[in-house]
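Subject: Model for your review

Hello,

Here is the structure I said I would pass on. My notes on it follow below.

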Amino acid sequence: MLDGSRTALEYFQIFYSDEVFGNIVRLRNLNASIKRAIGATGVWTDLTLEEIKAFYGILIIMDMMKFARDELYWSESDKHWLLGSKISQVMSRDRFFQIRRYLHFSDDRCVANDKLHKVRYLLDHLRHAFQSEYVPHKQVTVDEAMVPFKGRLSLKQYMKDKPVKFGIKIWVLADTVMSYCYNFDVYVGKNAEVVNENFGLASKVVIALTKTIEMKGYEIYTDNFYPSPHLADYLYQRRTYLCETIRTNRKDYPKAL
């Protein structure tokens, strides 16, 4: 369970520690130096740890209060009590856009056969942080979630039955009591999935997400996209129990259903 004695800032530092910010600073400065070496122009100074923290703080404010254009956050108008001219006292507008222009989370000199290699470092870190700070209740659920996105991206999916129809699909293992995301994986497309003869994509997702809670007596609840007798037997052998709604025409189920 989460420690209720911690402040919001302390929880934020679990997911974004000085080590994480330090790596972001290093990778961002590396990316800027590479881009400028091949012709990028403009004034440039290396990013510091204090600046990246301020940059993230401004992003949080931008998410809380939406303006039509990013430039308006540096307006000197006192119309909005949260803003006024305060952001400009923390960071200039030009510096903010310069940081955002070269913001990077990977070393592109290391070529990887991974569609998510540019954000893999952050995804792995967040997954580890989610699991290290929480012990789920006995009942957990596996399902998919959609992150809204309508731009151009090879990972973008369309799901007509979801409230968010266009976006990035994420497989999620969550606590059914607290709705806490304990594990997740980004769906990168069928071509990237290695599915063996015993388990299809849906079963593979459940097995991968529940690997860290095997042999602990957890109960997994799913909808009718995931179930199969082979999956239930596989999990049962690992002291993990599957409760599911099923499609009666699925392979290997009794015809009497």
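**Helix α5 and its two partners**

Arg28, Asn31, Ala32, Lys35 and Arg36 of helix α2 are in contact with Arg95, Gln98, Ile99 and Tyr102 of helix α5, where contact means heavy atoms within 4.5 Å. The residues of this contact of α2 with α5 comprise three nonpolar, two polar and four charged. For these classes, Ala, Val, Leu, Ile, Met, Phe, Trp, Tyr, Cys and Pro count as nonpolar, Asp, Glu, Lys and Arg as charged, and the others, Gly among them, as polar.

Before going further: this is a predicted model, in which local features need pLDDT of at least 70 and side-chain atom pairs count only at pLDDT 80 or more, while totals for chains, interfaces and linings use all residues. Residues are numbered from 1 along each chain as its sequence is written, and side-chain values use heavy atoms, with hydrogens and water left out.

Helix α2 covers residues 18–37 and helix α5 covers residues 93–102; the two pack at an angle of about 85 degrees, with their axes 8 Å apart. That makes α2 roughly perpendicular to α5. Axes here are lines fitted to C-alpha atoms, for helices over the stretch in contact, and angles run from 0 to 180 degrees between N-to-C directions. Angles under 35 degrees count as roughly parallel, over 145 as roughly antiparallel, 65 to 115 as roughly perpendicular and the rest as oblique.

Helix α3 (residues 49–64) also packs with α5, at an angle of about 100 degrees and with the axes 11 Å apart. α3 is therefore roughly perpendicular to α5. From α3 the contact takes in Glu51, Phe55, Ile58, Leu59 and Met62, and from α5 it takes in Arg95, Phe96, Ile99 and Arg100. The contact of α3 with α5 has six nonpolar, no polar and three charged residues.

**The chain overall**

The protein chain has eight helices and six strands. These are DSSP runs (helices H or I, at least four residues; strands E, at least two), numbered from the N terminus. In order from the N terminus, the elements read α-α-α-α-α-α-β-β-β-β-α-β-α-β. The C-alpha atoms fill a box of roughly 70 × 45 × 35 Å along the principal axes.

Of the 257 residues, 38% count as buried. Buried means under 20% relative accessible area, exposed over 50%, and partly exposed in between (1.4 Å probe, protein chains only). Among contacts between residues at least 6 apart in sequence, 55% join residues at least 24 apart.

**Strands**

Strand β1 (residues 139–148) and β5 pair in the parallel sense over three bridges; two strands pair if DSSP finds at least two bridges between them. The bridge partner of Val140 in β5 is Ile220. β5 also runs parallel to strand β6 (residues 241–244), and four bridges join them. Leu242 in β6 is the bridge partner of Ile220.

Strand β3 (residues 166–175) and strand β4 (residues 181–186) pair in the antiparallel sense, over five bridges. Trp171 stands opposite Asp185 in β4. The hairpin of β3 and β4 has five residues between the strands, and Ser179 in this hairpin takes a positive phi near 60 degrees.

**Helix α7**

Helix α7 (residues 201–209) is mostly covered, with seven of its nine residues buried. The buried residues are Leu201, Ala202, Ser203, Val205, Val206, Ile207 and Leu209. Their cover includes β1, β3, β4 and α8.

**Two loop residues with positive phi**

Met215 lies in the loop between α7 and β5. Its phi is near 65 degrees, a positive value in a residue other than glycine. Met215 counts as partly exposed because its relative accessibility is 44%.

Arg239 lies in the loop between α8 (229–236) and β6. Phi of Arg239 is near 55 degrees, again a positive value in a residue other than glycine. Arg239 is partly exposed, at a relative accessible area of 41%. Leaving aside neighbours within four places in sequence, Arg239 is in contact with Met215, Lys216, Gly217 and Tyr218. The C-alpha atoms of Arg239 and Ile213 are separated by 9.5 Å, and these residues are 26 apart along the chain.

Regards
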